[in-house]
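Open the model in your viewer and keep the selection tool at hand. We will go from stop to stop, and each stop tells you what to pick.

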Amino acid sequence: MATYIAKPAAPDQDKRWKLVDETMRRTGQHSRGLIETLHTVQQVFGYLDEKALRYVAASLRVSLSRAYGVATFYHYFTLKPVGKHSCSVCTGTACHIKGSAALLATAKHELGIEPGRSTSKGEVSLLSERCIGPCGLGPVVVYDQEVAAEETPKALALRLKNWMAT
Amino acid sequence: MTRENLEQIAESENQRRAEFRDGINVCVATGCLASKSQMVKDALDREVANRGWEKHCQVKGVGCLGLCSEGPLVSTRSGALYKKVIAADAGDILDHAGKAPLHRLLCPTDIPFFHDQQKIVTENSGVIDPERIEDYIAAGGYSALMKALGEMTPAQVIQEVTKSGLRGRGGAGYPTGLKWSTVAKAVGTQKFVICNADEGDPGAFMDRSVLESDPHRVIEGMLIAAYAVGASEGYIYIRAEYPLAIKQLRAALPQAEQLGLLGTGICGTSFNFRIELRVGAGAYVCGEETALIASVEGKRGTPRPRPPYPAQAGLLGQPTLINNVETFASVPPIIRKGGDWYAGIGTEKSKGTKVFSLTGQIRNTGVVEVPMGISLRKMVFEIGGGIPAGRKFKAVQTGGPSGGCIPSEFLDTAVDYESLAQLGSIMGSGGMVVMDESSCMVDVAKYFMDFCMIESCGKCIPCRAGTYQMHRILSAITNMSATPEDLKMLEELCDLVKHTSLCGLGQSAPNPVVSTLKSFATEYKAHIEEHTCPAGVCGKAVGANL
């Protein structure tokens, strides 16, 4: 006989949990929906913290270690808050042979952080992406949501300096 | 939904189109969007409204027009193609609508890039509005599904696909008809169809282009496949890096449901099929079918040994058909026009056309669809327009991190599954990156090894530790600190990782190294013995030129 296990209550009053609940319902409140649910959490909260992972794991009845395992296995998920701005350097093949390594080195130098990290006061997150697709226009950098085509280290440094100054 | 309904929709769509005297299509796929084509479309819309031309000039956002390097691209109903259009050009373009084309922006279309293509999968790209199912139906969409459901048995559908000689477009080239019949024969309580849209090879963007430009074609292909193998549930597994393709699919699926082309009792038959979208989360290994299945199940994307193949035991242990985006997109025309027609295109063992994304140090970059068997030379120097800036061609890389680099002496090789494999590369999913003399082949090998090392899922040791060690040696070579013994060790590791890894990622990870070692041994030698990089790439402190 199936035992009924009550779904845990949301961690706090934040209305955004409703969106998370909706995704879990849509995927049948099943462990199969774990990745979809984590996508929603990251979309609405910006990152996956322990509170969220515990809540999702308990709701979908998977172990916390499995939820944590999935969250850390996939590059797309982040366990830390992201910066106000994001600078994402494409390191796909076409961008690589057109000089994305120099762009990434410049970004690391300007921000003093490694890809996947954010600056100490949360101004900028630096990311390196595996090919975002507009390969004809390489090397490309995505600033927040805006794609910059045929980017140069000089322009990148200028943009980052501006972000850090404001 | 019946055939008559479908024809009605097509007719009213054509009528709607005929009411406009002029039509202007703006490419709003990722490539042109990156060069601000949305601003061009907005400007055209505004200008049309200002002039009060809403009734007779249609401005349409369309998918990929192909030549990404010249974007934003705009095409007109009278056949002109404009390149590098900016918002301020809107007025001029409208002034010339229905008249002689605007010479200032004209992009020549009589070049090999356009006339050497044969468009089957991409026939609607840049022509129809991907956000409107009616436009797809007017272009003959869903008539293949009607034909399959109304006139053919599942076995006949499989027979037609087998006859076409279509092979998996994801890279390995497994015969599609054979795969379908295996799944059809397999026994299970339920069967699944999965579309692999996890186009992970860096430098490959054909599937993105197809999904952004013509999402319904892929859905129709999946429907036909589901009917043929007896599946009732489908998934499209798409990578998160393609937000626009995800958006188009999210819009397309409900449209098809609304018209009764997806769901229960499709087109008045007893055939049921629904499709769900699953968004990947940035793991290259999920392009491998067993890892992809694990990911659809909400688990870490780690592969498992085969057999059993997914055709026998896939998603939830049930028979599962997994095909790539382009494979599904090739199915509707095959059903519409027949397997024999398709088999008449291409070479003896590689039938039909293949979509490639042509990038790198080449004049014309973008998406091209060519018949199988075309020579690499034609791809690079005619369609691609050759190498810019007077530099010399060095190699063309096919197959991404699983492929290899093909040097100039093999440029006359035909592009088909067998010929490319003979050269130590693979067809792969269709990424083609051209490199000139300014690229260092050791650096390229290191680049791909870095990719495989990071993307290795860590399940089997040869791949997890082997890629790390190979990357260490390649780094030493590019730092000019390697010894001849290191090179020997690298060769041994290539052999070991290739033969002992669990899945395709590890088995093919050494390919870029093996192929460059074979064709560009002198470059490795120069790094190790003379401590110089002939291309001047390695040893240079990157970022120091500020």
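Leaving aside its neighbours within four places in sequence, which residues is B:Met222 in contact with? Select B:Val193, B:Cys195, B:Gly234, B:Ile275 and B:Phe328: these are its contacts. In contact means that the C-beta atoms of two residues, placed from the backbone, lie within 7 Å.

Before moving on, note that this is a predicted model, where local features need pLDDT of at least 70, side-chain atom pairs count only at pLDDT 80 or more, and totals for chains, interfaces and linings use all residues. Residues are numbered from 1 along each chain as its sequence is written, while chains are lettered from A and ligands numbered from 1 in the order in which they are written.

**The core.** B:Met222 belongs to the largest nonpolar core, which has 214 residues. Such a core is a set of buried Ala, Val, Leu, Ile, Met, Phe, Trp, Tyr and Cys residues joined through C-beta atoms within 7 Å. Buried means 20 or more other C-beta atoms within 10 Å of the residue's own; exposed means 12 or fewer; partly exposed is in between; C-beta atoms are placed from the backbone.

**A sheet in chain B.** Next, show the open sheet of four strands, in the order S2-S1-S3-S4, with mixed pairing. Strands (E, at least two residues) and helices (H or I, at least four) are DSSP runs, numbered from the N terminus. Two strands pair if DSSP finds at least two bridges between them. Strands S2 (57-62) and S4 (81-82) of chain B stand at the edges with a single partner strand each, so one side of each has no neighbour in the sheet. Zoom in on S1 (residues 22-27) of chain B, which runs parallel to S2(B) and is joined to it by six bridges. Here B:Ile24 stands opposite B:Val59.

**Cis peptide bonds.** Select B:Gly71 and B:Pro72. A cis peptide bond joins them, with omega about -5 degrees. B:Pro72 is in the loop between S2 and S3 (74-76) of chain B.

**Over to chain A.** Where is A:Gln29? Look in the loop between helices H1 (16-26) and H2 (34-45) of chain A. A:Gln29 is not a glycine, yet its phi is positive, about 50 degrees. Finish at A:Asp144, in the loop between strands S3 (141-143) and S4 (146-148) of chain A. A:Asp144 counts as exposed because it has 11 C-beta neighbours inside 10 Å.
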